Amino acid sequence: MRFDKKGKEFDKNGIVKGDRDLETLANLSGNLELPHNFFKGCDSKLLPEAKSLLVFSRRSFEELQPRLRAASPHPRYVLMVNLKTAGAVNVDGRVYPLKPGEAFLVFPYQLHNYLNLESDDLLWTFVTFESNSREALQELKNRRVELGDEDRAIFGELVGLFLRWQRGEMEVANEILINATLLLDGLRKKRERESGEGAFSLAEMETSELQLMGAVNRYLETEDAEKISVEAIAETVGISERGLRDKFLRDTGFRIGDYIRYFKMNRAMRLLA
């Protein structure tokens, strides 16, 4: 049993007992580092449904928004939990707001990037894994979910266990995957009791950053791949081609030509998956 200078009691994972607010979770998750390999993580022979699970945090827009090539579609689920600084995630051409205390699950081969962050001082924690349980997770697809008290407690336990696993305590692998399963199941059940997709409507896209991304995504979704070009998008949006290239790069960190290529590739991969 451990205590801090104020006499607060900590559990075995370093969390103040009875305390699961966002600040506490952020302080704990702030110890998570980016992995050297984003495709190899924690496994358990007893729980083969979830494979190679990783937990890590991103603390800035530069970390959150990797190069588009690195963010290309892959066969992993990505559960993101916003612990600090509101923003939005663009998934398959739809933009979803994500506030602190909310979670969002991205499915395999969904191209996603981030925008409209209120500050560069952020903390978003990610749980990524491979799984064959697609049907069980379907309820969470394209849905944002607010973490309740129980969800936060399980999430804190998961983070604490993963930090121990990173320090070499391999025996906690089963507990890590059990807590990840409990967290996803709790979020799924919560979604069953709620309705609505949670994406930004056109009226809610108040900032020019969101408006541009929404216009580009709508064009890419509705046009044939052969007809898509930067020139055609610029004409549709109503700005010059140079203006479109400059603003898109400034707003998203991506060159629009690269984004178009990966959007086409992602759409093809979705059809084959």
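Colleague: What stands opposite phenylalanine 56?
Modeller: Phenylalanine 126 in S9 does. Strands here are DSSP E runs of at least two residues and helices are H or I runs of at least four, both numbered from the N terminus. Keep in mind it's a predicted model, where local features need pLDDT of at least 70, side-chain atom pairs count only at pLDDT 80 or more, and totals for chains, interfaces and linings use all residues. Residues are numbered from 1 along each chain as its sequence is written, and side-chain values use heavy atoms, with hydrogens and water left out.
Colleague: How many bridges join S3 to S9?
Modeller: Seven, and the two run antiparallel. Two strands pair if DSSP finds at least two bridges between them.
Colleague: And what's the strand order in the sheet?
Modeller: S3-S9-S4-S7-S10, an open sheet of five strands with antiparallel pairing. S3 (50-58) and S10 (144-146) are at the edges with a single partner strand each, so one side of each has no neighbour in the sheet.
Colleague: Which residues face leucine 79 and methionine 80?
Modeller: Leucine 79 stands opposite valine 127 in S9, while methionine 80 has phenylalanine 104 in S7 as its bridge partner.
Colleague: How many bridges does S4 make with S7?
Modeller: Four, again antiparallel.
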